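Please go through this protein structure with me, feature by feature.

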Amino acid sequence: MLKPDRIIVERRPDRVYDQLFPYYVELCATSQFRSKLKGEGGVAGHAVMYIKGACKDEQASFPQLRRCRVAATELSDPEHGAGVSVGRWFRNVNWVAIPGYKLFYQGNLEFGERLTQAHFESAVHDAIEKGVYKGVEFHDHPSANIGTSLENFVANEGVGTDFALQFARSVFCARLPVTAPMLDEIIAFLNDKNREYAEGDADYNWSVWADNCAHTLRNALAAANIWSPLSVQAVKFRQMFNLAVPANEFVNLAELGTEGNISDYREIQHDGPQRDTLHEFHWLPTRHGSLLKTLPVHDPNDLYDTTFRLFTLQSPFRMGKTQHAIDLLSDDRFVNLGANLHYFHNKYETLLVSHDERREMLASVRGTPYRRVERLFYDYIEAQRAEVDAMLERISALEEHADGPKSK
């Protein structure tokens, strides 16, 4: 468990972030929930993903995504994005899309507003009215014995798991900016996955070992070459090496976005996903804008225990995940946008200066198998530095505008 005195709670990316980055993904791990009335949820928590730039397709007969019509700059914009949650009890689809940042994370609660039974019921009706579960069929689920209505399912299985996450859970997210072509690949993967179940003969059967929430989300990001995929439904022995655990996947993306290789283009060339994403999307995962955030259970709260927690499953081969999460979430470079931009500006600048200093006049004569990738890599680094410079200038201008005109 992460204790409140071991981590700074309520770390969010700056509000200006959405004005600078048109598209991003947030892979989130959520803690076990503890209802004051209904008991506890699974100890490993749940994995979800929020995608800025991907919106729920209202015209589809089952859950699908489309590109948002605008690049939103405010969280309240209905075209901002959508949350994606894989459901244990879904039969004819793998995931549902939750429209809007506030419904997905906050259940439309304002900061300091009390979570009451009345607001809980309002969130249930809002999700149903927005078509979150439109076209979804279910396996038998634990609450079916008290009613088979959609309202019953959403109230007992959906709230705090698919949406309104902060009603019941602490939330830990790794945010990573992506390009428009990468966003399209993520959307295509998720849409194809639901289409296979909705229009095919096979039912979706959730498996904690072989096909859980973290598998789908990891593989959606792998479709855009962010990292390697994990196979699902492999033979039992092989599947032990393909475990996807919500908290561990959050830390994996946090590590990749903040501490991955950004200096050795030779290593990048030999890393399949990084090589492909650099060549195809002119993008690398360790980059400016990679930020982490923590959101505690909403307080005041009449319905759920508000104790701050995150359980990270570990094995002898993966010890230290919890401590590394604490280190990253306590580092200003990875939770504060301004500090993050300055940090990556310095990294980009150092790479460019060192490259100029060691450039050999006879390199082209001697020959190298990395000539093209070297040029591609340093062109990329130079473009990233220019982008960071422009962002820092824009932040400065926005801050001056917010402060108002200065007296002479």
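Q: Which conventions apply to the model and its numbering?
A: This is a predicted model, in which local features need pLDDT of at least 70 and side-chain atom pairs count only at pLDDT 80 or more, while totals for chains, interfaces and linings use all residues. Residues are numbered from 1 along each chain as its sequence is written, and side-chain values use heavy atoms, with hydrogens and water left out.

Q: How many helices and strands does the protein have?
A: Helices (H or I, at least four residues) and strands (E, at least two) are DSSP runs, numbered from the N terminus. The protein has 14 helices and 10 strands. Contact means heavy atoms within 4.5 Å; among contacts between residues at least 6 apart in sequence, 76% join residues at least 24 apart.

Q: In what order do the strands of the open sheet lie?
A: Two strands pair if DSSP finds at least two bridges between them. Here 6 strands form an open sheet with antiparallel pairing, in the order β8-β7-β4-β1-β9-β10. Because β8 (95-99) and β10 (291-295) each have a single partner strand, they stand at the edges, and one side of each is left without a neighbour in the sheet. On average, neighbouring strands are turned by 20° against each other, direction ignored; axes are lines fitted to C-alpha atoms, for helices over the stretch in contact, and angles run from 0 to 180 degrees between N-to-C directions.

Q: Which residues stand opposite each other in the pairs made by β7?
A: Strand β4 (residues 46-52) pairs with strand β7 (residues 81-86) over 5 bridges in the antiparallel sense, and Val-48 stands opposite Ser-85 in β7. Helix α5 (residues 180-199) packs on the sheet, where it touches β1 (24-30), β4, β7 and β8, and its direction makes about 130° with that of β4. Helix α8 (residues 246-259) also packs on the sheet, touching β1, β4, β9 (171-177) and β10, at about 35° to the direction of β9. Strands β7 and β8 run antiparallel, joined by 5 bridges, and Val-86 stands opposite Trp-95 in β8.

Q: Is Asp-18 buried or exposed?
A: Buried means under 20% relative accessible area, exposed over 50%, and partly exposed in between (1.4 Å probe, protein chains only). Asp-18 counts as buried because its relative accessibility is 5%. Asp-18 lies in helix α1 (residues 17-20). A polar contact is a pair of N or O atoms within 3.5 Å; within protein, one must be able to donate a hydrogen and the other to accept it, and residues adjacent in sequence count only if both atoms are side-chain atoms. The side chains of Asp-18 and His-80 make such a contact at 2.8 Å.

Q: Where does His-288 lie, and which side chains does its side chain meet in polar contacts?
A: His-288 is in the loop between α10 (272-281) and β10, and it counts as buried because its relative accessibility is 0%. The side chain of His-288 makes polar contacts with the side chains of Tyr-348 (2.9 Å) and Glu-387 (2.7 Å).

Q: What share of the protein counts as buried, and how many residues of β8 are buried?
A: Of the 408 residues, 51% count as buried. Strand β8 is mostly covered, with 4 of its 5 residues buried.
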